[in-house]
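Thanks for coming, everyone. Please have the sequence and the model up on your screens. I'll keep this brisk.

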Amino acid sequence: MHADMLQRLELEAELRHAADRGELVLHYQPIVELSSGRITSVEALVRWQHPTRGLLGPLAFIPLAEEQGIIGPIGRWVLSEACRQARRWQDRFQGVPPLSMHVNLSGRQLQQPGLIAEVAQALEASAMEPGLLTMEITETVLMADTETVSQRLQDLKQLGVRLAIDDFGTGYSSLSYLRRFPIDGIKIDRSFIDAIDTDREEADLVGSIITLSNRLKLETVAEGVERWSQLARLRSLGASVGQGYYMAVPLSPSEVVTFAREFTMEQRSAA
Ligand code: C2E
Ligand code: MG
Ligand code: MG
């Protein structure tokens with residue numbers, strides 16, 4: 001226990017400097033149109049290139065950063081780097097529809113008074129169009145439903161960015177959030193997608209969510225698509241966009257370019 005605690009303290013101390021030391025990296029997971037395979041957006045997912053422990057996934061340090069109140073610099077870095085990258089791609093692929101960028105916001109980040117200024121700053125510095133930025137907020141964060149959360153979401157909308165509920169379906173009263181908050185899209189949690197190709201009831205449930213979401217004109221992303229049979233079922237249920245290992249794992253920026261190019265070439269050779 002003692003050793004564990006020391007390790008944790010050490011990790012925490014290192015985490016405080018990870019952003020300044022340039023140890024954070026972003027991978028980008030494609031979000032694709034299910035009918036064509038065309039990439040429409042990417043989700044920025046942070047990793048920590050730790051000097052001795054190797055590449056750490058977000059679950060190994062984001063909860064710790066949240067708990068210790070040191071998410072601030074990490075969140076700022078993620079936001080500004082994601083916007084810069086979106087802009088680089090836009091400049092590089094002129095003439096094709098620009099990729100929109102999804103960035104995750106944690107509960108603490110949403111509580112921080114400086115958040116709105118930071119988002120405005122990241123957009124301005126990158127000259128990125130605000131409508132191309134989607135902030136993903138986990139449903140359990142919305143469950144807190146404090147005045148602050150509500151106000152922050154309104155303020156984000158004022159900046160022109162889009163809002164999506166992440167891990168949709170994992171909270172208690174998901175449906176009420178759709179009315180209460182100025183939401184543009186939902187991401188159906190992977191746990192619901194898991195058995196849609198084998199379990200009739202799961203498929204019915206997901207089908208109902210998709211129908212409702214489409215009716216409300218929300219963008220509906222199915223998360224965690226791992227197999228062709230899930231993708232086929234999603235299509236038949238009316239889903240238009242998905243994300244998951246079947247299409248692509250989180251990629252480096254240059255791999256995203258290759259992914260987007262290959263698609264374009266396939267389209268050309270099919271035409
Ligand atoms: P999330 O936002 O729901 O992101 C999706 C997670 O599911 C990613 O894990 C992704 O790699 C994984 N995933 C995608 N497709 C599949 C699939 O087909 N099968 C399976 N089994 N998994 C799939 P990752 O990168 O480990 O991120 C975990 C969570 O950490 C994210 O969940 C998000 O809540 C959080 N996170 C990531 N980056 C950031 C960040 O920059 N800021 C904040 N605040 N949180 C972040
Ligand atoms: Mg997310
Ligand atoms: Mg999610």
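Start with Glu-136. Glu-136 is buried, with a relative accessible area of 1%. Buried means under 20% relative accessible area, exposed means over 50%, and partly exposed lies in between, using a 1.4 Å probe and protein chains only.

Some ground rules. This is a predicted model: local features need pLDDT of at least 70, side-chain atom pairs count only at pLDDT 80 or more, and totals for chains, interfaces and linings use all residues. Residues are numbered from 1 along each chain as its sequence is written, chains are lettered from A and ligands numbered from 1 in the order written, and side-chain values use heavy atoms, with hydrogens and water left out.

Now the first metal site on my list. Which residues coordinate the magnesium ion (ligand 2)? They are Glu-43 (OE), Asn-104 (OD1), Glu-136 (OE) and Asp-166 (OD), at 2.0 to 2.2 Å. Asn-104 sits in strand β4 (residues 100-105) and Glu-136 in strand β5 (residues 133-138), so this pair ties together parts that are 32 residues apart in sequence. A donor here is an N, O or S atom within 2.8 Å of the metal (3.2 Å for Na, K and Ca); water is not among the atoms, so sites may look incomplete. Along the chain, the donors of ligand 2 follow the spacing E-x60-N-x31-E-x29-D. Helices (H or I, at least four residues) and strands (E, at least two) are DSSP runs, numbered from the N terminus. Asn-104 is partly exposed, at a relative accessible area of 28%.

Next, the magnesium ion (ligand 3).

What lies between the two ions? Asp-166 bridges ligand 2 and ligand 3, which lie 4.2 Å apart.

Let's stay with Asp-166. You'll find Asp-166 in strand β6 (residues 162-168). Buried or exposed? Asp-166 is buried, with a relative accessible area of 5%. Yet Asp-166 has no salt bridge. The nearest side chain of opposite charge is Lys-187, 4.7 Å away. For charge, Lys and Arg count as positive and Asp and Glu as negative; His and the chain ends are not counted. A salt bridge needs a side-chain nitrogen of Lys or Arg within 4 Å of a carboxyl oxygen of Asp or Glu. Leaving out residues up to four places away in sequence, Asp-166 touches Glu-43, Asn-104, Glu-136, Ile-137, Thr-138, Glu-139, Lys-187 and Glu-223. Contact means heavy atoms within 4.5 Å.

Asp-167 is also in strand β6. Asp-167 is partly exposed, at 22% relative accessibility. Look at the backbone too: Asp-167 has a positive phi of about 55°, although it is not a glycine. Ala-127 has a positive phi as well, near 50°. Ala-127 is in the loop between α5 (115-126) and β5.

On to salt bridges. How many are there by this rule? The count is 13. Take Arg-8 and Glu-67: their closest N and O atoms are 2.4 Å apart. That pair links distant parts of the chain, with Arg-8 in helix α1 (residues 2-18) and Glu-67 in helix α2 (residues 62-67), 59 residues apart. Arg-8 is partly exposed at 38%, and Glu-67 is partly exposed at 48%.

Another one joins Arg-38 and Glu-33, at 3.2 Å from N to O. Arg-38 is partly exposed at 30%, and so is Glu-33, at 24%.

Then Asp-184 and Lys-157, at 2.8 Å between the closest N and O atoms. Asp-184 lies in the loop between α8 (174-180) and β7 (185-188), and Lys-157 in helix α7 (residues 147-159), so the pair ties together parts that are 27 residues apart in sequence. Asp-184 counts as buried, at 17% relative accessibility. Lys-157 is partly exposed, at 26%. Salt bridges that share partners also join Glu-43, Glu-136 and Lys-187 into one network.

Last, helix α3. Helix α3 (residues 71-92) has 22 residues. From its first C-alpha to its last it reaches 31 Å, close to the 32 Å expected at 1.5 Å a residue. That expected span is 1.5 Å times one less than the number of residues. Its buried residues include Ile-71, Val-78, Leu-79 and Trp-89.
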